Amino acid sequence: MKQFGIFIQKELFHILRDRRTLFILLGMPMALVLLFGFAITNEIDNARIAILDQSKGEMSQEITQRLVASGYFLIDENLQEVAQIEQHFRQGKTKMAVIFPSELQENMRRNLPTQIQLIADATDPNTATTLINYASAIIGQYVQEQARGQAMPMLIRTEVKMLYNPRLKSVFMFVPGVMTVILMLVSAMMTSIAITREKELGTMEVLLASPLKPAMIIVGKVIPYILLALANTVVILLLGTFVFGMPVRGSLALLGLECLLFVIAALSLGILISTRTDSQQVAMLISLMVLMLPTILLSGFIFPIESMPKVLQVISNIIPAKWFIIILKNIMLKGTGAEFVWKESLILAGMTLFFIGVSVRNFKIRLE
Amino acid sequence: MPLRPSNHLTLNRITMATPAIQVENISKRYGKNVLALNQVSLEVGQGELFGLIGPDGAGKTTLIRILATLLLADKGYAAVNGWEVRRDYRQIRSHIGYMPGRFSLYQDLSVEENLHFFATIFGTTIKENYELIRDIYVQLEPFRTRKAGKLSGGMKQKLALCCALIHKPVVLLLDEPTTGVDPVSRKEFWEMLKRLKEKGIAILVSTPYMDEASLCNRVALIQKGAILSIDEPEKIVSGFDKPLLAVRTNDMYRLIHDLRDFESTHSAFPFGEFVHLSLNNPIWPEAIHAYLAGKQHTGIEIKPAQATIEDAFMELMTQGEMVD
């Protein structure tokens, strides 16, 4: 036990004395959360639009006002003719153009089908889709209000309610995502680097030639990083809650346990990497390529899994981060309890056991 | 393959009789083509200071790592204090002191922290075995709080030796402890080894420096994975029976080549500021003088020389080359 204590103490010295790395480890989560929160956002705010009003009636005026009143749009210019639209887009000033046909008023009054054209700059497809959706919803609502009291037998009303994230804030998406990435980074990459560093510096040779059991060497190296990862979790949660208003609706204890489970899964991956390589460089590259990229791209953090090709959807099942993000969203946003995340937790636990098993098989009690 | 009993009941009985290190026909191959050790056998007695001498790549590190249970031999039997290296590796790891060739302490920990760390993982304390390391540690004491990475080369090796000694090992395995260390520290280091030997610790030390051989009880000369000779240093020197001359001129580089072309020359090697010339048959120094003068050498100086252990080693190694 004394041996174990001194080993952890030694490991803490390594971490605390390497000021630069420590600073990066503690500063990165904050930087990432703030970046995602303030800069990299796909929410729409004051998007500039152009209006080409050929009907010049009160309906087109009212619709335009509704659009502006929503806060999402800002009128950039009122156009006079169709030719101006393309020119305007090319100058990059507007994101969307709304074209009211000259027969708008007339058709509406006579209950005839009519069209309002929305043209969006799809160089940024996400923004274009969002803008079109917002504008369609606003126009649709207006039309329904106008039709009230009149007989409109063919009309189907859709009422949309966004559950759990009514304002569609992207913060709710990226806080679980950033948390996953950071925990993966600190746990898997840092441990694989820390273990291979001992190999590179030759100290592993001395440790192996000592009575220390291999399991003790590994566990001793890993424990400080568990603490570091959990500290990062707390920082991200605090930032998410107090700066961006991210709720934690479920039980905090359950959330903590699930984080611990994911950290252990990531650590076991880090250990697995370190058993397969002898250099810090290689360990870092493998961590980045094999762990970080899938964690960012295939976990549903940035790209929805449902819209991936079938092959990638299947592959995403073996990414621990995918299951962790599902768990996080369930607990934090939906406020569900263990009864709704046990399946995902079980999958994570199974993966962890598998990685640990393979690591133990791969760990060498000698130099070769 | 004979196996030795390793349980504690028989321990005391066998330690008196068993050698500290026993190596029988050990072979080790890396990959397909590199034969690092070829049928190596040697024995180190209890309390003996044994030198393993040979150039880089001779197989010294491989042999020491096999004894430290860090590598497995392909063939042969090896035991440390009666413990077989493959089966009883746990016993060996608790009872040997091992110092790898490369400085392998924690550079970001202080002198004291390193020592405390190694004492604790071996289940002991600095206080308990302070007596053993006192002579060495007093020199390190002024730098107690300095980071190990900031020590000089000699100090680093002294600290590494302290760390390898702190659990009172029965056998010390030192892999090139004096490589890259200044001459004064080298001398001090060997004096420490001598004192440790007097305390009954068996020591196997490898070195590429042939002059260190004379400080050992016995030495093994190893080259290309094979042992050329094992004996006491004095006996190895007296085994050198060829006439030996020390020669010097103003152009040393050309001198070696010219001497090697001389008909009676057996070998010519640089030795300090002279060339040591061994001869196949005794001839008058005047004949050599005349030969060198004929080759336009100036400042010629020739005198008889006393064979040293290095001459004996060079001779053994040349023979080794010729067998190849």
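## Domains of chain A

In this predicted model, chain A is assigned two domains. Domain 1 is made of two stretches of sequence, 9–40 and 169–362. Domain 2 covers residues 47–147. Taken over C-alpha atoms, the centres of domain 1 of chain A and domain 2 of chain A are 46 Å apart.

## Contact between chains A and B

Chain A and chain B each bring 21 residues to the contact between them. On the side of chain A that touches chain B, at least two residues come from helix H1 (2–17), and at least two come from helix H8 (203–208). H1(A) gives the largest share of that side, with 8 residues.

By residue class, the side of chain A that touches chain B holds 10 nonpolar residues, 5 polar residues and 6 charged residues.

## B:Arg93

On chain B, helix H3 spans residues 89–95 and includes B:Arg93. Is B:Arg93 buried or exposed? B:Arg93 counts as buried because 21 C-beta neighbours lie inside 10 Å, and the cut-off for a buried residue is 20 or more.

B:Arg93 and B:Asn25 are 68 residues apart along the chain. The C-alpha atoms of B:Arg93 and B:Asn25 are separated by 22 Å.

Key:
Residues are numbered from 1 along each chain as its sequence is written. Chains are lettered from A and ligands numbered from 1 in the order in which they are written. This is a predicted model: local features need pLDDT of at least 70, side-chain atom pairs count only at pLDDT 80 or more; totals for chains, interfaces and linings use all residues. Domain bounds come from an automatic or database domain assignment. Two residues are in contact if their C-beta atoms, placed from the backbone, lie within 7 Å. Helices (H or I, at least four residues) and strands (E, at least two) are DSSP runs, numbered from the N terminus. Ala, Val, Leu, Ile, Met, Phe, Trp, Tyr, Cys and Pro count as nonpolar, Asp, Glu, Lys and Arg as charged, and the others, Gly among them, as polar. A residue is buried if 20 or more other C-beta atoms lie within 10 Å of its own, exposed if 12 or fewer, and partly exposed in between; C-beta atoms are placed from the backbone.
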